[in-house]
Amino acid sequence: MATMLAGRKLRFSQSIAIQVLIPMLVIGLLALSSMLVSLLVTLNTQHDAEAINIAGSMRMQTYRIAVHLQRAGGGLENGQDLADTLEEERRRFSEKLYQSSMARVAGESREANLQRAYRRVVDNWENHMAPLLQSLMSGQPLTAEALAVASREYLSHVAEHVSDIDQLVLSIQQNTEEKIELLGMYEGLSIFLSFLALVFIVMRTDQNLVRPLKDLVRAAEHTSVGDFSYRTYYEAVNEIGLLCSTFNDMSANLARHYRKLEDMVDEKTAQLQRSNQMLDFLYNTAQRLSEGVGGRQTFSEIITDLKALTAIPRISLCLTNEANTDKYDLILPAGEEYDCLIGDCRSCFMQPGDERKIQGEMSFAIEDANDNFGFLYLNTGSNLELEPWQQRLVEAVVEHLAAAMALQYRDGLSRRLMLFEERSIIARELHDSLAQSLSYMKMQVARLVRLFDREAPEEQLREGLEDLQQGLNAAYRHLRELLTTFRLKLDSPSLYQALKATVDEFDRQSAQTEVVLEFHLGHCLLTPNEDIHVLQIVREAITNAFKHAGASHIELRCECDEENRAMFRVVDDGVGIAADPDKEHHYGLSTMRERAQQLRGSLDIHRRQRGGTEVVLSFVPEAFS
């Protein structure tokens, strides 16, 4: 990183800012120097025009001195006035020649021609003109002849003197023109160099800034629509080059990340699809098992779908005929204890959880907390192991099979227990009612036989026959009651509808007796076995009130208290129950009490203070016990 930064610092001279700044500085320096040169030329030529004017006035002054001399020679001007005039003219000419801007321009100039021209004027003035004038200003009276001689001599030098002054003016003019020409040349050169610098800036800006920026804009447009294949062309060691290379690197990284993300999305999509397939398979498995366990076709469909989903080549299913309490006794050969429903399990018996990882074999026990129902055998192939999702799926299938088979096994046990209970109830009912009636009739028949053997009077025989007839009627009545009880079934889908149907049945039997139902059990749910017992007890209570109490109003109330106890009350307004309700050859009340005991509840039958009887059945449902 330090090397890279050092390299960038070394290449900083190629920065676009530096490349643009240098021509701008050149243009600025050219403009500044042009203004400086213009200022210097202006200052240097400031007195040139004045010097030319002074030189012109010196030429006119020379002619004016000649005119004064000619007038004095013609007698038009006296000597004293002439002397004064010539003194003034000499003084003024000397001031112009030595002290004016012309002398300063000639003295400061480095131009040789100008200096020579000035020196000739000075020499001519000092050697010829000034001495001649000095002689005329001596103060002595001048004759006309002397003035004429002096005038001729002065005029002989005027032409040369004026010519020297003209040459001086020309030299000053040429010097000024040379300065202005130099200024123009420098200004033109400055303009040309500035134009070249501007052209260079425009070209470099277009090459190093405008075009790369346009290319970066196109790259950004491609990137904005998800196209990361576009690369910028510009490569240079400057800011835009660094930006372009960085953008290219960023595009490449984004392309890699997008490919990685797409791969991850594809992977997650595949996982989701597999998860959906697993959920669909588990749902179908649960639905098939809920419809009934034990069919070979059902197990075959489940194992076939499991093979297709997991791609495991060999899956075998071995189940026991009966639940095995020894969950790990799986060493018996197939056919003696286990039935190999799917696949071939004869040479594959293993302890559950034992893995032959070299051969890729594994078995899963189909069991619950108490019983074992078989196992599921897998062979994934040589040196292959189950993937985590495959193992989870197989374990879920095994759990479904175990739960379904345990539920079926428990349901079978429950049905057997219910069957045993019903048979016990039937035997008890037969013993307590019909068996006793038949025993009584057997005793009556034996008595009649003895009476016939002793040739007893007809009255005794008739009395024995009447007792036998009553016993037969009582036995037949008991048989009818037992048949009604045994045939009772819960056809309605809920206890409420079954009780409503029972109430409506008794209410339709007589117009003088009204039977009503108040059902307020709410969340108090009962099992089917509890529904049967409750319905039997309620029917018996309503039947007793209907047949023996002479009631005009019978009410059935169903409710659940705060302690989750189910309460069923049968209230009537009849004659009321007797003090000793257990009559001979009547076993309905005892049967009701026995059913209440099977519900682990209580049955209370008592006379009401306002008349009538109240039968109260209360118990805690199995769901809350």
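Start with Glu-559 and Arg-569: their side chains form a salt bridge, 3.5 Å from N to O. By salt bridge I mean a side-chain nitrogen of Lys or Arg within 4 Å of a carboxyl oxygen of Asp or Glu. Glu-559 sits in strand E7 (residues 553–560) and Arg-569 in strand E8 (residues 566–572), so the bridge ties together parts 10 residues apart in sequence. Helices (H or I, at least four residues) and strands (E, at least two) are DSSP runs, numbered from the N terminus.

A caveat on the source. This is a predicted model: local features need pLDDT of at least 70, side-chain atom pairs count only at pLDDT 80 or more, and totals for chains, interfaces and linings use all residues. Numbering runs from 1 along each chain as its sequence is written, and side-chain values use heavy atoms, without hydrogens or water.

Back to Arg-569. Glu-614 also bridges to Arg-569, with the closest N and O atoms 3.1 Å apart. That pair links distant parts of the chain: Glu-614 is in strand E10 (residues 613–619), 45 residues from Arg-569 in strand E8.

Now accessibility. Buried is under 20% relative accessible area, exposed over 50%, partly exposed in between (1.4 Å probe, protein chains only). Glu-614 is buried at 14%. Glu-559 is partly exposed at 34%.

Next, helix H6 (residues 112–136). Asp-123 and Arg-119 are four residues apart there, about one helical turn. They form a salt bridge, closest N and O atoms 3.9 Å apart. Asp-123 is partly exposed at 30%. Arg-119, at 44%, is partly exposed too.

How many salt bridges does the whole structure hold? The search finds 10.
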